[in-house]
Number of protein chains: 2
Amino acid sequence: MPIGPTQLPDLQPIAGLSWGIASVGVKNPTRLRPDVAVLVAETPCVWAGAFTLSGSRAAPVRWSEARKGLPFRALVVNSGNANACTGNRGMEDVATCASRLGQAVGLEEGQAILAASTGVIGELLPMERLLPGIDAAFADRGETRWEDAARAIMTTDIFAKGASLTVDLPSGGSATFTGIAKGSGMIHPNMATMLGFIGTDADLDETTLSAMLRRSVEESFNTISVDGDTSTNDCVFAVATGRVAVEPRDKEMLEGALLEICKQLADAILRDGEGVTRIMNIQVEGARDDTHAKKVADTVATSPLVKTALFGADPNWGRIAGAIGRADPELEWERVSIYLGPYPVVVEGQRHPDYREEQGAEVFKAQEVDIAIDLGVGRGRALKRSTDLSYDYIKINADYRS
Amino acid sequence: MPIGPTQLPDLQPIAGLSWGIASVGVKNPTRLRPDVAVLVAETPCVWAGAFTLSGSRAAPVRWSEARKGLPFRALVVNSGNANACTGNRGMEDVATCASRLGQAVGLEEGQAILAASTGVIGELLPMERLLPGIDAAFADRGETRWEDAARAIMTTDIFAKGASLTVDLPSGGSATFTGIAKGSGMIHPNMATMLGFIGTDADLDETTLSAMLRRSVEESFNTISVDGDTSTNDCVFAVATGRVAVEPRDKEMLEGALLEICKQLADAILRDGEGVTRIMNIQVEGARDDTHAKKVADTVATSPLVKTALFGADPNWGRIAGAIGRADPELEWERVSIYLGPYPVVVEGQRHPDYREEQGAEVFKAQEVDIAIDLGVGRGRALKRSTDLSYDYIKINADYRS
C-alpha cells in the first residue's frame with residue numbers, strides 16, 4: 001500500500017504540446033497495456049534535461065544527452081524495457097525509433113527527437129512492435145492527454161504521478177507548468193531514479209530553462225531516496241513552448257513554480273516507494289559545508305538499520321548516531337545534537353537528561369518522521385527524504401524478475 | 001537460521017593468557033547471562049589493535065586506541081551495552097573499570113589495561129553491577145576458557161565464533177593462534193562491525209604484530225558486509241605472549257596463520273549475518289586500481305536491489321549492472337564483463353549470446369553465489385563478501401529496541 005496521493009490532480013494542457021499513447025506489449029506481447037507515449041511540439045521548442053550520473057547509462061539517455069542545444073520537436077518514451085546495457089544494438093534501436101517519429105512529425109535538419117525508456121535492464125527493445133506503436137501513438141495524440149501519458153510511463157508504480165500549476169506573473173501574463181513522472185524503486189539522488197516530463201508555455205531561453213531545471217531537480221528529486229540505488233535510465237525533461245511572454249522580473253516566480261512542480265512529483269515518488277509505510281525527513285545543519293551535510297544526511301537516509309527502525313516505529317537513536325559516525329570519521333561527536341520531532345535527544349554528544357523514550361516513540365508512530373541533526377561545526381545544511389525498509393520491500397524485490 | 005558453522009572448533013589455550021567470565025546482567029539485571037569477560041596476561045605482552053573508523057567511536061575504543069605502545073596486562077570486555085555516545089561520563093566509566101581490573105592484576109606504571117564493549121548505544125554502563133563482575137571474572141579465570149569468553153561477548157549472535165591453528169615454523173618450533181569474535185549486525189568494513197580477540201604464543205615485536213594484524217584485517221574482516229552499517233565499537237586485538245622463539249624466516253608463516261584465523265572468524269560472522277540465507281562473493285578485476293575495484297565491489301555488495309535478488313534466487317544481472325554504474329559515473333560500460341558462477345553473462349558491455357537465464361538461476365540457487373566483474377581498464381582488484389536481504393533481516397531489526 002502506498003501512502004498516497006493516489007489520485008492525480010487536474011493536469012492543465014500546455015498549448016502546442018500533445019501526448020499520444022499506444023499499447024504494444026513492450027514487455028509481454030500477450031499483456032497489452034499503455035506503454036508507449038510520444039510528446040510532440042507543434043513548433044520547435046526550447047528544452048532542458050537532467051540525466052542520471054550512472055556509468056551504465058542506458059542508450060536513450062546517451063541519445064538525448066547528445067542532443068543538447070538542438071530545438072525540441074518530439075520525444076518517444078516507452079515503459080517495460082529500459083534499453084540499458086544493450087551495446088551498439090541498443091543505440092541503433094533508439095536511432096530507429098527517433099527516425100520513425102521524425103518521419104511522422106516532418107523533422108527538419110538540426111531539430112531533436114528525444115527518447116526515454118524505463119523497465120527491465122539488458123533486454124533488446126521489441127522493435128517489431130514498438131515502431132508501429134510509435135505511429136499509432138502519434139496518430140492518437142491530443143493536448144489534454146497528460147494523465148494518459150502519466151499512466152503509460154508507469155512500471156512498478158502503484159499510482160500515476162502528475163502536478164500542474166498556473167502562476168500570475170509580475171509582468172501581467174500567466175504561465176502554466178504541467179509535469180508527470182514515474183518511479184518507485186531504484187530511487188536515489190543523481191538523479192532520483194525516475195522519468196519526468198514537464199511542459200510550460202513560458203517563453204524561456206535554453207540557458208535560463210537549463211539553470212532553473214538544474215536547481216529545481218537538486219532541491220526536489222535529488223533529495224529523495226527509496227533504496228539507495230541509482231538507475232541507468234533517470235532523466236527529467238522540461239520543454240518550454242514560448243507562447244507566454246516573459247520579462248526578467250518574472251523569472252523568480254517561474255523558477256518557484258518549476259521547483260514546486262518538481263517537489264510535488266518527487267513527493268509522489270517517495271510516497272509510492274516500494275513497500276513504504278513511513279517517510280523520514282532528515283535535516284542536517286551545522287556541517288562544515290553543504291557537501292558534508294549531504295554526506296551525513298545521505299548516510300542516515302540509506303542506513304538499513306535506521307530504515308528498519310523506522311518501519312518498526314522504534315526510536316532507536318543509537319542507530320542514527322552510528323550512521324552519522326560512519327558518514328564522517330572526523331566527526332566531533334561532542335558537538336553533535338540530534339532531535340526527534342520537537343524533542344532534543346542528544347545535545348552536544350550527550351543524551352539530554354529530560355529525553356524520555358515515550359517522546360521518541362510518539363514521533364516514530366507518525367507516517368512522516370522528522371529527524372534533525374546539528375553537527376555543530378559550521379553552516380552547511382542539507383535535507384534528505386527517505387522511506388522505511390519493510391517486509392513488502394523484500395517481497396516486491398525478491399520476487400522473480402520484478 | 002544462520003547458515004553455519006554452528007559449532008565451535010577446539011580452541012587451543014595460549015600459555016600465559018587467561019580468560020575469566022562473569023554474569024552480571026549488564027543489559028537487564030533480571031536476565032543473568034555471561035556478559036563480562038577479562039583477558040589477563042601473566043606477564044606484560046606485546047599487543048596490536050585495529051579500530052573502527054566511525055566518527056562516533058565508543059568510549060572503550062578511544063580508551064584502548066590511546067594505549068598503543070604500552071605493554072598489555074589485561075583487557076575487560078562486556079556485552080549488552082556499547083558505552084557509545086555517552087560523553088565524558090562514558091570515558092570516566094572505562095577508566096574506572098580499567099582501574100578496578102588494574103588493582104586485581106597488580107598493574108604497574110606504564111602498562112595497559114584495554115577495554116571493549118558491545119551492545120546498545122547511548123546508555124550508561126551499570127557500574128554498580130559491572131565493577132563486582134570484573135572482580136568475579138578475574139577470580140574465575142583459566143587458560144582454557146576461550147569458548148566461554150566467545151559466548152560472553154555475544155549480543156544478537158546466534159552462535160559463538162572461534163578459530164584455532166598451530167603451525168610448525170621453519171626454524172623448528174611451533175606457534176599457536178587462537179581467536180574469538182562476535183558480530184552479526186552493523187557489519188561493514190572499517191572495521192567490520194565486531195569485536196575480535198586473538199592470542200598467540202609467538203614472540204613478535206609490536207611493529208611486526210601491528211603490520212601483520214593490519215594486513216590480515218584488511219583481507220578478512222574488511223571484506224565482509226551484512227548491512228553496510230559501521231559500528232561505533234569495532235575492534236580487533238592481537239596479543240603475543242612471546243613464549244615461542246621466532247626467527248625472521250618464520251614471519252611469513254606466522255602472518256599466514258594470523259590471516260587464516262581472521263578469515264575463519266570473518267566467515268563465521270558473515271554466516272551468522274542477520275537474516276542471512278545466502279552469501280555472495282563479489283570479485284572485481286580489471287579496475288583502474290584497487291580503490292576503484294573496492295568501490296565497485298562495495299556498491300554491488302551493499303545494493304538492496306542486488307541483495308533482495310540474491311534472497312529471491314533471481315539472477316537479475318541488470319541490478320548488478322545498475323550498481324556498477326552507480327559506483328562509477330566514469331565507467332566505460334562497453335569494456336565491462338559480468339560472470340555468474342562459471343557463466344559469462346555480459347561480455348564487453350553486451351549480453352553474451354550463449355547466456356541463458358537457466359544458467360544464472362542454477363548459480364543463484366546455491367547457498368554461496370560467485371559474481372565476477374571485469375571492468376576491463378586496468379589491474380586493480382578487490383573481493384567483497386556479503387549476505388542477502390531477507391524477511392528475517394527486517395524482522396530482527398524492526399522489532400522494538402533490538
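In this predicted model, chain A and chain B bury about 4,600 Å² between them. Carbon and sulfur atoms carry 52% of that area. The contact draws 57 residues from chain A and 57 residues from chain B. Two salt bridges are counted between the two chains. In a salt bridge between Arg351(B) and Glu123(A), the N to O distance is 3.5 Å. Nine residue pairs, both at pLDDT 80 or more, are in polar contact across the interface of chain A and chain B. Several elements of chain A each supply at least two residues to the side that touches chain B. These are helix 2 (87-105), helix 8, helix 9 (317-327), strand 13 (350-351) and helix 11 (391-398). Helix 9 of chain A gives the most, with eight residues.

Within chain A, the domain assignment gives domain 1 (17-271) and domain 2 (279-398). Their centres, taken over C-alpha atoms, are separated by 33 Å. Each domain of chain A brings 13 residues to the contact. The area buried between domain 1 and domain 2 of chain A is about 1,100 Å², with 46% from carbon and sulfur atoms. Thr223(A), Leu270(A) and Arg271(A) supply 42% of the area that domain 1 of chain A buries against domain 2 of chain A.

Three salt bridges are counted between domain 1 and domain 2 of chain A. Lys294(A) also forms a salt bridge, with Glu218(A) as partner and 2.9 Å between the closest N and O atoms. Five residue pairs, both at pLDDT 80 or more, are in polar contact between domain 1 and domain 2 of chain A. On the side of domain 1 that touches domain 2, strand 8 (224-225) and helix 6 (251-271) of chain A each supply at least two residues. Helix 6 of chain A accounts for the largest share of that side, three residues.

Over all chains, the structure holds 48 salt bridges. One of them joins Asp272(A) and Lys161(A), at 2.6 Å from N to O. This pair links distant parts of the chain, 111 residues apart. Asp272(A) lies in the loop between helix 6 and strand 10 (279-287) of chain A, and Lys161(A) in strand 5 (residues 161-168) of chain A. Both Asp272(A) and Lys161(A) are buried.

A salt bridge at 3.9 Å, N to O, joins Lys384(A) and Asp298(A). Lys384(A) belongs to strand 15 (residues 380-387) of chain A and Asp298(A) to helix 7 (residues 290-302) of chain A, 86 residues apart. Lys384(A) is buried, at a relative accessible area of 5%. Asp298(A) is partly exposed, at 22%.

Strand 15 of chain A also holds Arg385(A). Arg385(A) forms a salt bridge with Glu368(A), with the closest N and O atoms 3.0 Å apart. Glu368(A) lies in strand 14 of chain A, so the pair ties together parts that are 17 residues apart in sequence. Arg385(A) counts as buried at 13% relative accessibility, whereas Glu368(A) counts as partly exposed at 30%. Salt bridges with shared partners join Asp267(A), Arg271(A), Glu368(A) and Arg385(A) into one network.

In helix 10 (residues 357-364) of chain A, the buried residues are Gln359(A), Gly360(A), Val363(A) and Phe364(A). They lie on the same side of helix 10 of chain A because they cover an arc of only 130° around the axis. The buried residues of helix 10 pack against helix 8 (304-311), strand 11 (337-340), strand 12 (343-347) and strand 14 (368-374) of chain A.

Technical notes
Residues are numbered from 1 along each chain as its sequence is written. Chains are lettered from A and ligands numbered from 1 in the order in which they are written. This is a predicted model: local features need pLDDT of at least 70, side-chain atom pairs count only at pLDDT 80 or more; totals for chains, interfaces and linings use all residues. Side-chain values use heavy atoms; hydrogens and water are left out. Buried means under 20% relative accessible area, exposed over 50%, partly exposed in between (1.4 Å probe, protein chains only). Helices (H or I, at least four residues) and strands (E, at least two) are DSSP runs, numbered from the N terminus. The arc is that of the directions from the helix axis to the C-beta atoms. Contact means heavy atoms within 4.5 Å. Domain bounds come from an automatic or database domain assignment. Buried area is the accessible area (1.4 Å probe) that two parts lose on being put together, summed over both. A salt bridge is a side-chain nitrogen of Lys or Arg within 4 Å of a carboxyl oxygen of Asp or Glu. A polar contact is a pair of N or O atoms within 3.5 Å; within protein, one must be able to donate a hydrogen and the other to accept it, and residues adjacent in sequence count only if both atoms are side-chain atoms.
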